[in-house]
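Hi there,

Here is the structure I promised to pass on. Have a look at it first, and my notes follow below.

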Amino acid sequence: MLKSPYDTDCITWSPQGRLYQVEYAMEAIKQGSLCVGLKSNQFAILATLNRAPSKLAEYQQKVYMIDDHIGLCFSGLTADGRLICKFLRTEALNYKYTYGTNCNPGRLVNRLSEKAQIKTQRSSKRPYGAGCLIAGFDEHGPHIYETNPDANFYEYYAFAIGSRNQSAKTYLEKNFETFPEASRDELVKHAIKAVKVSAQGDVELNGKSVSVAIVGQGQQFAFIDENEVERVLESLNQEMEVEV
Amino acid sequence: MLKSPYDTDCITWSPQGRLYQVEYAMEAIKQGSLCVGLKSNQFAILATLNRAPSKLAEYQQKVYMIDDHIGLCFSGLTADGRLICKFLRTEALNYKYTYGTNCNPGRLVNRLSEKAQIKTQRSSKRPYGAGCLIAGFDEHGPHIYETNPDANFYEYYAFAIGSRNQSAKTYLEKNFETFPEASRDELVKHAIKAVKVSAQGDVELNGKSVSVAIVGQGQQFAFIDENEVERVLESLNQEMEVEV
Amino acid sequence: MLKSPYDTDCITWSPQGRLYQVEYAMEAIKQGSLCVGLKSNQFAILATLNRAPSKLAEYQQKVYMIDDHIGLCFSGLTADGRLICKFLRTEALNYKYTYGTNCNPGRLVNRLSEKAQIKTQRSSKRPYGAGCLIAGFDEHGPHIYETNPDANFYEYYAFAIGSRNQSAKTYLEKNFETFPEASRDELVKHAIKAVKVSAQGDVELNGKSVSVAIVGQGQQFAFIDENEVERVLESLNQEMEVEV
Amino acid sequence: MLKSPYDTDCITWSPQGRLYQVEYAMEAIKQGSLCVGLKSNQFAILATLNRAPSKLAEYQQKVYMIDDHIGLCFSGLTADGRLICKFLRTEALNYKYTYGTNCNPGRLVNRLSEKAQIKTQRSSKRPYGAGCLIAGFDEHGPHIYETNPDANFYEYYAFAIGSRNQSAKTYLEKNFETFPEASRDELVKHAIKAVKVSAQGDVELNGKSVSVAIVGQGQQFAFIDENEVERVLESLNQEMEVEV
Amino acid sequence: MLKSPYDTDCITWSPQGRLYQVEYAMEAIKQGSLCVGLKSNQFAILATLNRAPSKLAEYQQKVYMIDDHIGLCFSGLTADGRLICKFLRTEALNYKYTYGTNCNPGRLVNRLSEKAQIKTQRSSKRPYGAGCLIAGFDEHGPHIYETNPDANFYEYYAFAIGSRNQSAKTYLEKNFETFPEASRDELVKHAIKAVKVSAQGDVELNGKSVSVAIVGQGQQFAFIDENEVERVLESLNQEMEVEV
Amino acid sequence: MLKSPYDTDCITWSPQGRLYQVEYAMEAIKQGSLCVGLKSNQFAILATLNRAPSKLAEYQQKVYMIDDHIGLCFSGLTADGRLICKFLRTEALNYKYTYGTNCNPGRLVNRLSEKAQIKTQRSSKRPYGAGCLIAGFDEHGPHIYETNPDANFYEYYAFAIGSRNQSAKTYLEKNFETFPEASRDELVKHAIKAVKVSAQGDVELNGKSVSVAIVGQGQQFAFIDENEVERVLESLNQEMEVEV
Amino acid sequence: MLKSPYDTDCITWSPQGRLYQVEYAMEAIKQGSLCVGLKSNQFAILATLNRAPSKLAEYQQKVYMIDDHIGLCFSGLTADGRLICKFLRTEALNYKYTYGTNCNPGRLVNRLSEKAQIKTQRSSKRPYGAGCLIAGFDEHGPHIYETNPDANFYEYYAFAIGSRNQSAKTYLEKNFETFPEASRDELVKHAIKAVKVSAQGDVELNGKSVSVAIVGQGQQFAFIDENEVERVLESLNQEMEVEV
């Protein structure tokens, strides 16, 4: 049965003024694996829990560099996420070519929002099925943005999307007030811990299944070394044993 | 069940001569948070109650500058509101470039209405899901306009849209006859009070959750300082305690 | 339930040879407020009952100048009415620019009819939801035309459209034989009285809620002054008291 | 209920090989008022019964000149009839401009048929809702053509379409063998009588409600004077009294 | 009820691999009146039974000249038949203009087939509703082709389409082996007799209701004189009386 | 009843990953009459069982020359088959014009496959309703290809399509291992026998109802003479009598 | 019955945020026959189990060369697979022409993903019905990619798609850790064994029904000789007998 007779395309309003197809597209994000973003006064960090489609495959990387000063990770439909990623890279490049300077991350997020809005207002298209966390750095410092299939975007101190994001968000809410003054290493640890509290027992956490990337003051967008990630994971294990 | 067999697209008339899809789009406005607009003989003021999607995010700004002499706030679908905002900025800029003078706010509202009408008469589009309050100043003084998904617009002495606008409108109806002669500070106070009477207990009112912007004679479009907003909120609290 | 299985788009004939969607669009006119048009040998007059969407708004003007010698008022979907109005202004202007002379009002009405017809014969459009009364003056004297969503138009001695137009039409039918020889002031009085007999008790009639405009011999299109309207309304009140 | 599951668009054949939407469009003609056409060896005549939408309006003229030697009247959807009329005028004009001679009426009818056919074979259009009687004169003498929404056309000695055309056709069938040798005045009388026998008691027949136009040898297309029509109507009344 | 859920458009295959809409269009041919085509070694002949829409109209001609050496008659939707006829005339003319020689009738039939095929493979069109018999002459002698809404065509020794074609075909099957050596007059007589055996009592057969056209060796396409047709009809009557 | 709710257009996948409309189009081939193709090391042969739509028509030829070295026969929708045939001829001609050499038959089959694929992936088209056997000769010797509405193609040693192809295929499977070394005459005999075993008693086999064409080494595409076909048929009859 | 009311086109989200049509298209892959890909540090190998549509046809080749350093095999809709194959060849050629160097296989896979994404977001198209395994070699060594109708792609150490891929994948999972150091011959043996364990008794395995292709260091893309494949099959048979 249809949940509602107004929910099969994105150009039909429900009597309550809702666009159900846009809301359903938001559900696709929850089916992707976890993405975490957080920032201090100096750095913005993205951390993801990667999945492997099979024992025979490597873990799928979900963090992408958009430009020297901007990175992105996404949950949801992978093909849509990649398309968004390609769009942002092109926009950033065009901007740099035209103005000779880095594109402001907020401006880029705004451009993506405009593109996503179009997909919510045409009968022959569908809203995107991916949500993104975007980490960027500009003259006002680091930023974490979330973008959504409904073409809305938000700026956060820290945030998590994807499956089981609630545990990660609870961790972040407890600790985000200490982030601004946190050191690079502390921030990395917070990011990995937010991923760890969300991961269930059946997922092995290691330097390949957990990706961490950083951008910030004097720090071009870069991935944290697998070994460092593993060291942090190990130290977290020891801490938690201690806690127990 | 369908509410009516004539309500799934905006190009089908009901037997009573109504376009239900357009009416449903109007409902989307009520789901947005409160916007208030009011004016004296000298100033027009917009005030909004901002929401934060999470403890981890900042309050979302909903008031936008269109031009030096025009501002806008909206309730409803954020992505549609932003699109409208961008459209008006471009129109205002084009006008200034073409004619070398500020675009009359009424003219701009009329252009938006023409654009919105098209969305109500094509099978492959949908009506916008956002209502706007537009504050502007021209040679006839300040103006407050409301624009709607049905492509209609109205000029008001004072008005409120968005969720729980009824309380705000009741306040405005009781007091609007005193607005024309009100001073800048009195007008700001009225705006904030109209927001306050609509806000329920679970929303914290402060300099970030309540935005106020002003435009008028010798006053380019500008936001009222957060501190000033907080001072007014505090004085209103004291007054209301006294009243109790 | 559908009233008829043939009534959801304007390109489907019913077995009786009717286009229901076009007929439904005609119903939209009845939802608009009253418009009255009438003419003498010298003048054509439009009178409307204006609505205010709220106590906080001014009455909405529904009479528009198309050209020096042509005016229009409409009932129904405001956005459609405005679009029609803009179309006619552009047509009149183009004509004047091309031929160096005023466009004949009948010709203009014919152009509108052609445009409206297209909306009744395309699957992706809908018929207009507004009916118009058009007052114009040419070498044959003054004219009152009615145009409709079905793309038909009629010339009248006097007519009324919009909600409760029946009372107004009854008044006009009783008196229209005296109109040709009526003076300007008598004609204005007839127009206002036709509005008055249709208005129910809950509408306040005054110089803002009743608009009257005139065009004719040696008289460019112009609005009757609010004060004059109020004087006429008062004298009508006195007359009716006397009658009682 | 649908009369047939194959009757909602004009590109779907019924299992019996019928296009119901085209047949339904034919029904629209019966809803228009009566049109009569007839011819002698020298003249072709069109006569129509005009309706007034209200006591306040003049009777609507339904006979149009297409060119000096061609006239048209129609029953059905007025907007469609006017569109057809405009199309034929343009075609006739273009022909005259291109070839420097009058366009043959049969050729013109053929062009209209081609245009109407297109409307019966596209999913996004609808068949025309008007039938026409076309009177023309060429080197073979006068002609009366009927054109239909199904894009077919016929040549007649005499014919009637529109509401209650059966009585008129019965009259014509009884008398058409005398038409070829009839004088102009006799022919006019036959035309008016054919209208009269179809008109029911509630319609007043006079020089305005009955239009008669003529074209033929040495006779450019022209309307018969209202007074003459009234004289004929009066003489018919007297004859019929005599008959009673 | 739908006869089949796969029969409402021409781009949907039934599970048995049939296109029902194309088959339904074939039914339209049976609703047209009778067409007969036959040929000897020297001549090809078309004969049709014409209908008059009313006593007031002339019989409708259904045989058309395409070129000096090609003629066509059709049963089914008249507007579609005329369109096909116009198409073939244009094709024949273009061919003659391009190559300076007569277009081969088989080639022309092929072109029509290509055009008709398109109508069976597009969602927004419908198959033609007319079948044609085409008589032509080329260096191989005379030809009779049948073309159909399914875009197929066949060459025949003799054939009949339209309502009650079965009686005509039975007559032709009994006699076609004598046609190759038949003289012009015998062939005409066969054609008229094939029409006559199909006609029911309520149709008057005469020089106007039966059309006969011929093309062949040293014989440009031409209509057989009405008087000749009537003489043949009379002689046939006499023969049949004798038979009785 | 629908066989499946996923079977009315060719762009909807069934839950099992099937495109039913494409499969239904394959059924159309079975409704056509029999086509047989087979090859030796030197020759490729096509043989078809022709149908006559009536006693009054000649048998319909179903074998077409595409180029000097390529021939085609098809079963299914005749109009679609002819369209495919025309497409291949044009492709072959263009190739020869561009490269100055014969187009490889495999390449041509590939081009047809590409064209057919498009018809299986657009909402407004339908898959072709014809299957083809294509016989060609190139530097690798003779080839027999089958092409299908699902845009797939196969190369065969010998194959049969169309109604009752099973008997023909059984015959071919029993004998195909002897084909490579068969002489021209033996190959022709095998082809005709494969047709004969499939034909039921009610079809008369003769030089007109059975067409055979050959292409190969030193043999341009050519039809086998009717007389030869009849001689083979006769010898087959005698053999079978002997067998009995 | 529909499995879900949201599963008939690829632009409708289910309430759970899934695109069922895309998931159904994935099912088409399982209907194709088995494809296996695996790699050592030096070579990448593709192996397929080929089907013959009939005893009369050769086995259908399913492995294609894209470029000297890239090969592809696919399961699912053959026509879609061929289209993908042609697309990749053209892309690789264009790249080489533009940049004068071989196109990186990962880049090519990415281009295919972008193209496939479009098919999942348009109302008038359908997702591809074929999955591919792509083997390529670049400066980082050999690669095995899988691409899917959902526009996603993965890199694998070894993988299998198509019907009964589970047995093959189980074999690969048990042995893939030894692949990196395997010699060319060992790798070929693994590939053929993975095919063999999946094949059921009714399929004959030989040098025609099993295709193996290799690309790698100093090894342009090439097919393994049929004889070699047969030798390996034989040795595998002997080993398995021994095991029993």
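Contact here means heavy atoms within 4.5 Å. By that rule chain A and chain C do not touch, and their nearest C-alpha atoms are 12 Å apart. Chain B and chain D are likewise not joined by any contact, with closest C-alpha atoms 12 Å apart.

Before the rest, some housekeeping. This is a predicted model, in which local features need pLDDT of at least 70 and side-chain atom pairs count only at pLDDT 80 or more, while totals for chains, interfaces and linings use all residues. Residues are numbered from 1 along each chain as its sequence is written, chains are lettered from A and ligands numbered from 1 in the order in which they are written, and side-chain values use heavy atoms, leaving out hydrogens and water.

**Copies**

Two copies of a chain are related by a rotation about an axis and a shift along it. For chain B and chain C, a turn of 51° and a shift of 0.0 Å along the axis give an RMSD of 0.0 Å (least squares on the C-alpha atoms of residues with pLDDT of at least 70 in both). Only 3% of the interface residues of chain B are also interface residues in chain C, so the copies meet through different surfaces.

**The sheet in chain B**

Helices (H or I, at least four residues) and strands (E, at least two) are DSSP runs, numbered from the N terminus; two strands pair if DSSP finds at least two bridges between them. Chain B has an open sheet of 5 strands in the order β8-β1-β2-β9-β10, with antiparallel pairing. Its edge strands, β8 (158-161) and β10 (219-223) of chain B, each pair on one side only. Within the sheet, β2 (residues 43-49) and β9 (residues 210-216) of chain B share 7 bridges, and A47(B) stands opposite V212(B).

**Strand β9 in chain E**

How many residues of β9(E) are buried (under 20% relative accessible area, with exposed over 50% and partly exposed in between, 1.4 Å probe, protein chains only)? The count is 7 of the 7, so strand β9 of chain E is largely enclosed by the rest of the structure. V210(E), V212(E), I214(E) and G216(E) point one way, and S211(E), A213(E) and V215(E) the other. G216(E) is the bridge partner of F43(E) and also of Q219(E) in β10(E). β9(E) and β10(E) form a hairpin with 2 residues between them, where G218(E) in the turn has a positive phi of about 65°.

Best wishes
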